[in-house]
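Please open the model in your viewer and keep the selection tool at hand.

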Amino acid sequence: MAKNCNYKVTYFDITALGEPIRFLLAYGNFPFEDHRVKFDDWPALKPSMPFGQLPTFEINGETFHQSMAIVRYLAKKVHLYGKSDEQALKIDMMADTVNDLRQHIGKYFYHSDEKFKAQLRKTLYEETMPYYLKKFDKYVKDNNGYFVDGQLTYVDLYFVSLLDYIKYMLDGKSLTDGYENLQKLTAKVYQVPQIKTWLEKRPKTDR
């Protein structure tokens, strides 16, 4: 990906699904336009978006959608996709599993029926999150501090980039509380120079 190309990320003024894309662009030191859509403006903009969804990613004016497709594209460009097809398979496997947990949390958070939401919360906190997080923590421990084969890959950035929004969905509870290896991984990602710079300069949001 040539650094003289024009890149544009369009998403809401939150972290969530836009942040993994921003993390990877920052990691690669690629300048990009960070276009943040106000929620009040979204209904008018939505019909012009591919399949009516955000985020989108533009390369020299050509628009692409689907956040995980964009993440994987960028991961290849910044060399965080492993060194073999088998490593790439492991990385995708773990990224998709992280995404499974994110979807479980989102299902709880966005449910409109408060009575059913309370039931979802109980299952999420007592069963679903511990099930995934114990396994994630062990994966990181067994892989020398990273999700895959003892090296930084896009799944590490993907996991960490989602934590702010997940914390918002969990009413301020940190997803990594009580999971030492996930906490250490998070700290390492935050100390990657390009990520550290991005965190310092990105717009401040409540989620």
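**Across the domain interface**

The C-alpha centres of domain 1 and domain 2 are 21 Å apart. To colour them, select 7-78 + 194-201 as domain 1 and 85-191 as domain 2; these bounds come from an automatic or database domain assignment. Numbering starts from 1 along each chain as its sequence is written, and side-chain values use heavy atoms, with hydrogens and water left out. This is a predicted model: local features need pLDDT of at least 70, side-chain atom pairs count only at pLDDT 80 or more, and totals for chains, interfaces and linings use all residues.

Next, show the contacts (heavy atoms within 4.5 Å). Domain 1 brings 16 residues and domain 2 brings 17. Together the domains bury about 1400 Å², 73% of it on carbon and sulfur atoms. Buried area is the accessible area (1.4 Å probe) that two parts lose on being put together, summed over both.

Select Phe23, Met68 and Arg72. They supply 32% of the area that domain 1 buries against domain 2, more than any other three residues.

The term means a side-chain nitrogen of Lys or Arg within 4 Å of a carboxyl oxygen of Asp or Glu. Between the two domains the count is two salt bridges.

Now show helices, taken as DSSP runs (H or I, at least four residues). α1 (19-27), α3 (67-77) and α9 (193-201) each supply at least two residues of the domain 1 side that touches domain 2. α1 gives the most, with five residues.
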